[in-house]
Amino acid sequence: MTQSSATQLGSEQADAQFNTDRTHPGRWTITFSNRPINMFVPTTAAAAGYGLTLERRGFSSLATPSAIEEFAATTARKMAVPSAYRQLRNPIMPSTENIRAGMEHFSDHCTTCHANDGGGDTLFGKGLYPKPPDLRAVGTQNKTDGELYYTIAIGVRLSGMPAFSEAHTAAQAWHLVSFIRHLPQITDAAFNEMKG
């Protein structure tokens with residue numbers, strides 16, 4: 001971005017200029033009709049207001065996260081996965097055998113937090129903050145194989161998702177990826193088999 005750029009906002013009288021403040025590097029100001037508005041003041045006020053809200057209600061893991069917390073957690077989760085992992089494809093074919101292997105491993109190791117159906121509605125899942133994602137939901141299913149693998153193997157900081165690479169083989173993690181992909185279509189018979 002250049003030091004000064006103009007943006008047309010729909011009418012000739014509503015020009016906005018974005019300028020860097022040379023006396024305070026990194027501070028941006030917006031000028032509307034030659035009236036500068038310092039972005040530092042509204043940003044600081046919003047952060048202070050949010051801080052006061054957190055001070056009053058605390059950081060209980062029972063509370064529903066605010067939109068800001070949800071945005072921050074989602075953004076951090078996306079940033080946590082290196083681009084090299086995002087491009088990985090599951091080397092294990094989604095055969096009945098491989099999905100079953102993933103289901104058995106999931107049933108033994110993952111259901112405590114994620115539940116048999118992947119919805120996260122368990123005693124531990126309810127107590128975690130952030131809550132475990134619904135593994136059947138579009139948000140999870142839209143992740144690449146590599147993102148799912150990385151989350152299983154390396155974990156997610158500041159969440160309840162531990163790193164399992166020291167306890168699970170790469171093949172076991174890839175079987176879990178295959179099973180997670182299958183969760184939206186899981187049958188009642190398979191679900192009951194996991195319970196028992």
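The side chains of Asn 90 and Ser 178 are joined by a polar contact of 3.0 Å (a pair of N or O atoms within 3.5 Å; within protein, one must be able to donate a hydrogen and the other to accept it, and residues adjacent in sequence count only if both atoms are side-chain atoms). The model is predicted: local features need pLDDT of at least 70, side-chain atom pairs count only at pLDDT 80 or more, and totals for chains, interfaces and linings use all residues. Residues are numbered from 1 along each chain as its sequence is written, and side-chain values use heavy atoms, with hydrogens and water left out.

**Asn 90**
- Asn 90 lies in the loop between α3 (83-86) and α4 (96-109), where helices are DSSP runs of H or I with at least four residues, numbered from the N terminus.
- With a relative accessible area of 17%, Asn 90 is buried (under 20% relative accessible area, 1.4 Å probe, protein chains only).
- A polar atom of the Asn 90 side chain is also 3.2 Å from the backbone oxygen of Trp 174.

**Thr 111**
- Thr 111 belongs to helix α5 (residues 111-114) and counts as buried at 16% relative accessibility.
- The side chain of Thr 111 has a polar atom 3.0 Å from the backbone oxygen of Ser 107.
- Leaving aside residues up to four places away in sequence, Thr 111 touches Phe 106, Asn 116, Thr 122 and Met 194, a contact being heavy atoms within 4.5 Å.

**Protein chain**
- The chain contains 10 helices and 4 strands, a strand being a DSSP run of E with at least two residues.
- Of the 196 residues, 28% are buried.

Notes. Buried < 20%, exposed > 50% of the residue type's maximum accessible area, 1.4 Å probe, protein only.
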